[in-house]
Amino acid sequence: MRSLPRTFRATAAILAVWSARPLQADDAPRAYQEDLRPLLVNRCLSCHNPNQTRGGLDLSSHAAVLAGGSGGAVVQPGDSGGSRLYQLVSHAAEPHMPPGGPRIPDAELQVFREWIDQGCRENRGSAALTVAPDPALQMRPVESFTPADGQVFPIGLPLDRIRSTRSAGAVHTLAAHPWSPLAVLAGDRQLLVYDLPTRELLGVLPLEDRRAEVVRVSHSGRLVLVGGGVAGRSGQVDLYALESGQRLTSLGEEYDSVLAADIDATQRWVALGGPGRIVRIVRISDGGLVTEIRKHTDWITALAYSPDGILLASADRNGGVQVWEAETAAAFHTLGGHPSTVGALAWRPDSDVLATGCADGRVRLWNMHDGRQLQAFSAHGGGVLSIAIARDGRILTGGHESIARLWTPDGKPLQQLPTTAALVSAVAFTSDGSQALTTGFRGQVELWQLDPVERIAVLPHHLSQPTERQAALAEEITAAAARLTALRAARQSGETNRPALAAAVATAGARHQQAEAAAAEAARDADSLAQRQGQLQADLDTARAEVDRQTAARDTARAALATWQEALAAAIAEDIRAGDALEQATRDLAACGARVRELVSAGAAADDPVLAEARCVYDEHSGHLLRLYEQVGQSAQQAAVATQALEAARQQASTLEEALATATGRTDALQTELQTLAGSISARSAGVAEATEAVRVAQEALAQRQAELAQADAEGATLAGQLREATDSLDQLRGRHAKWEAAALRPRLMALEQSLRDARAALAPLDQAVSAAAAALAENARQRANLQAELEALPAKQAELADQLATATTALEQAATEIAQLEADLSARIARRDQTDASLQHLREAAEAEPGNEHLAAARTQATALLAALSADCDAAAARLAERQTARGEQAAARQELLALGARLTRRAAEIPEALAALDAARPALVAARDEARAARESAEEPALLAEADLAECQETYDTLLARWLEQTGR
């Protein structure tokens, strides 16, 4: 994309007017064809079209936009913040688009943002696109544990060799301990070890004249790796024991500075590299070269072993990233697509994903199972310099901006850390992942709380000398002690005044109690009268209620009486009316009966209409008469009932009148008594008011005294809190002072240790001389004792030898006799065999002459068998003879040996007295040499004993100071 040429100023003006109006009047989702492409035509397509795809990016179609450019996808549907296209046009990342021009208007930016966030639709009728998260971005559960020896808190690191500078300078690299809240910073030719909870400097590891380019803490937490050197001259990797600060070994002999290095999880190898473009794997045990990797074509900029120790990743200045098998250095993956320097590598804790940080500002996540790029997101304009990944997969990045950024494991933005660095050269998570460290070329190392984001400390990088720090702490301790003394004096003054205030409170309390007692007595009297008044009032109310009730009952009874009187009058009236009607009906019935009888007497037929009609009228009058009789009966009953009820109502009304009169009389009596009691209550009320006023006055006095005492107690509590704070502050200062006192004492301790080593070294040859003289004297005594014992044992040995010689002579003579007998026996056997052989020869000849003679043949067979047996017998006899001759030869040799031994014993009996005399002659010289060596050692031992005593005293003081500091830190 580029800015519009001058010839299109009119078009640009029209576009500006058009873009100033609302781009969408309804709530329809944004779409490429309807909303985005018109903007791209005017802003971008002159540089990003099918004929001219700068950066490999074509924006002329929906499919081309989704395809992205040479750096990968430029939009992530649903995530405008993570889409490179939006980052560039909004100037959130570089290079800014359009190049060289101002940012496009906010209204157009809103179109870009809404189109991406709403799913990158092609047109209004298209469905929104969604990107399913790659399963590889889900971190595999990794057992989180602290190695048994992983918790480290160094307490004896040196603090006496601090290199002071006028300014902090740049911090290129730092490392956080994996299991303890510690940080290791690479300063000006020194390593600084900090305790993060207290932000205290624990120790300084000097680097002589070398610059540190990379710092790592081993997986075990016991070793610190430092790689660096002198540019263009030399480079190496040093390993330090974190607890003691001792440099254990130096590895590699590079001809330029080491720029990248790491130690594997098993602590067997160190990988290192730099401008030489070669990755060297070196054994830690003996420093021997294991292998060299010569794949890279430019400087080695980053090296990282996977947490499981299986893989090694390497990166170079040309954008090359390789992954190797750690055990064999065989190629595993080549990770392409980095257009420039890759300066940062970080492994996810499960070792399944590698993050690379490139100078193009993007972080890429790679799947180690198949080498695929899982995700790429723009992190920092100008380039990524550092990456760290927490145990939960969160990613922290720093680069060519003054902001460090925190991301989700799949690359979504979480938070920003607004550092004070011009650029962030190194980042790290603390051991528990709740905090982070950042640093940059301004030299400030900042400690951040991540939830919520807050900078909680700046670790001091410009340090004063121990003596200066000790003097400053001494001044602070003096001031704190003076403040503590003043607070104690104020506290003592308050405690002195408190008994008087407490006594005044007690006096006021007693007066208040007396007033309360008097008021209570008056109140009790008033209460008694009030209770009586209340009781009378209650009785009066009850009586009045009873009057009201009786009045109501009387009125009710009167009303009932009137009702029943009215009912009785009505019943009487009805009875009179019914009687009149009954008489009239009786007369009418008699007339109808007479008419019927007349008709019957006149001889009217049964079906005569007149007779029938007369009879009907007679029947009607008969029915009517019966009904009237019933009504008269009912009226009579109602009259009787009404008469009885009226009588009862009259009696009840009379009774109620009497009860009402009684209740009215009681009410009048209670009213009179209540009026009399009201006067007494009025008089009592005046007394109660006076007592209450007295109580109020006493209460105000008591409250005033109590307020004075409470104020004194509050002031005392405040002083106590200040006293505790001052005491704690003084203890902390003394603890820190003790640490620096120990640091100041450390050179003397080391000098005494060296003096003791020198004294012991001087004693060593004297000890050897004493031991050699004593050994020579002991050897003399041993040889003399051996010779004397040998001389004393010689007669017995000679006598034993004489007996053995006589026995050997006798045995030799017996052997000669046996040999002679065996020789004679063998001769006889041979003669018999020869005789049998001659007889056999005769039998053969006879058998040949007489082939058919069976007797000759049988005799020949027997002779042959006998000859074989005789031959075998001769051989056995010859073997016995030879064996005995051999035994006789051995006996003769043994006798000769006995004779030689006898000769030797005779010579030895003559030699031993001479040897004893020589040993006796040499013994005085040996005794003198031993005594001389002992005297020399005793003379040289005194300095060693003095050095040992001084060292023990100094070590005790040093340990006491460290213990005081550890107690202050709560370790």
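Student: Is arginine 833 buried, partly exposed or exposed?
Tutor: Arginine 833 is partly exposed, with a relative accessible area of 24%; buried means under 20%, exposed over 50% and partly exposed in between, with a 1.4 Å probe and protein chains only. This is a predicted model, in which local features need pLDDT of at least 70 and side-chain atom pairs count only at pLDDT 80 or more, while totals for chains, interfaces and linings use all residues. Residues are numbered from 1 along each chain as its sequence is written, and side-chain values use heavy atoms, with hydrogens and water left out.

Student: Which residue meets arginine 833 in a salt bridge?
Tutor: The partner is aspartate 834, at 3.6 Å from N to O. A salt bridge here is a side-chain nitrogen of Lys or Arg within 4 Å of a carboxyl oxygen of Asp or Glu. Aspartate 834 is partly exposed at 42%.

Student: How many salt bridges does the structure hold?
Tutor: The structure holds 34. One of them joins arginine 124 to aspartate 35, with the closest N and O atoms 3.0 Å apart.

Student: What does that pair tie together?
Tutor: Arginine 124 lies in the loop between α5 (106-117) and β3 (174-176), and aspartate 35 in helix α2 (residues 32-43), so the pair links parts 89 residues apart in sequence. Helices (H or I, at least four residues) and strands (E, at least two) are DSSP runs, numbered from the N terminus.

Student: And is aspartate 35 buried or exposed?
Tutor: Aspartate 35 is buried, at 6% relative accessibility, whereas arginine 124 is partly exposed at 32%.
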